[in-house]
Amino acid sequence: MQKQIVMHTLKEMYNHPTASQVYEQIHKDYPSISKSTVFRILNSACENKEIMKIMTQDKEVHYETINRPHYHLRCRRCGKIQDASLLYQTEFDERQSKIGDFYIEGHSIEFFGLCNDCMKKEREESTDE
């Protein structure tokens, strides 16, 4: 039952949340579920390849239900993370599987800039000056 709650919450959040954010959302309706339980379920789901961990520039681990390689966009102002609609370049992994004495297992790319909401806010702020 707890795993179902955690997985359902993650799917409903759509915003690549951290484990703490998933816990905070769950805690509102299910205060008996502990933070360590949420973390354990998320880590187990990653190990079972049910969900993905995303490491971003902010040094926090984020989670998402899309379990295929893809790229991300991160807003430099609000920190919002979203999927980039760019084709994942599998040839990067295939062609360059070994560089020197380093074996490449995969790659990730994070693009950063401004989301639409923050772009509007910055425009409003610049016209207010």
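The following dialogue discusses how to read selected features of a predicted model.

Colleague: Let us begin with the nonpolar core. Which residues have the most contacts inside the largest one?

Modeller: As a general idea, nonpolar side chains in soluble globular proteins tend to be buried together. In this predicted model, the largest nonpolar core has 17 residues, and Val 6, Val 22, Ile 26, Val 38, Leu 42, Ile 51 and Tyr 63 have the most contacts inside it. Helix H1 (2–13), helix H2 (19–29) and helix H3 (35–47) each supply at least two residues of this core.

Colleague: What does Leu 42 touch, leaving aside residues up to four places away in sequence?

Modeller: With those sequence neighbours set aside, Leu 42 is in contact with Val 6, Leu 10, Ala 19, Val 22, Ile 51 and Tyr 63.

Colleague: At what angle do H1 and H2 pack?

Modeller: Their angle is about 110 degrees, with the axes 10 Å apart. H1 and H2 are therefore roughly perpendicular to each other. Ile 5, Val 6, Thr 9, Leu 10 and Met 13 of H1 meet Gln 21, Val 22, Gln 25 and Ile 26 of H2.

Colleague: Turning to the sheet, in what order do the strands lie?

Modeller: In a regular strand, side chains alternate between the two faces of the sheet. Here three strands form an open sheet in the order E4-E3-E7, with mixed pairing. E4 and E7 are the edge strands, each pairing on one side only. Neighbouring strands are turned against each other by 25 degrees on average, ignoring direction.

Colleague: How many bridges join E3 to each partner?

Modeller: Strand E3 (residues 72–75) pairs with strand E4 (residues 81–83) in the antiparallel sense over three bridges. Four bridges join E3 to strand E7 (residues 110–113), and these two run parallel. His 72 illustrates both pairings: its bridge partner in E4 is Asp 83, and it stands opposite Glu 110 in E7. The hairpin of E3 and E4 has five residues between the strands, and Gly 79 in this hairpin takes a positive phi near 85 degrees.

Colleague: Is Tyr 71 buried or exposed?

Modeller: Buried means under 20% relative accessible area. Tyr 71 has a value of 2%, so it is buried. This residue sits in the loop between E2 and E3. A polar atom of the Tyr 71 side chain lies 3.0 Å from the backbone nitrogen of Gln 89. Beyond four places in sequence, Tyr 71 touches several residues, including Asp 83, Leu 87, Phe 92, His 107 and Phe 111.

Colleague: Where does His 62 lie, and which backbone atom does its side chain reach?

Modeller: His 62 belongs to strand E2 (residues 61–64). Its relative accessibility is 5%, so His 62 counts as buried. The His 62 side chain reaches the backbone oxygen of His 16 at 2.7 Å. Residues touched by His 62, beyond four places in sequence, include His 16, Pro 17, Met 52, Ile 54 and Ile 81.

Methods: Residues numbered from 1 in each chain as written. Predicted model: local features only at pLDDT ≥ 70, side-chain atom pairs only at ≥ 80, totals over all residues. Heavy atoms only, no water. Buried < 20%, exposed > 50% of the residue type's maximum accessible area, 1.4 Å probe, protein only. Polar contact = N/O pair within 3.5 Å; in protein donor to acceptor, adjacent residues only side chain to side chain. Contact = heavy atoms within 4.5 Å. Pairing = 2+ DSSP bridges. Core = buried A, V, L, I, M, F, W, Y, C linked by side-chain atoms within 4.5 Å. Axes fitted to C-alpha atoms, helices over the stretch in contact; angles between N-to-C directions. Parallel < 35°, antiparallel > 145°, perpendicular 65-115°, else oblique.
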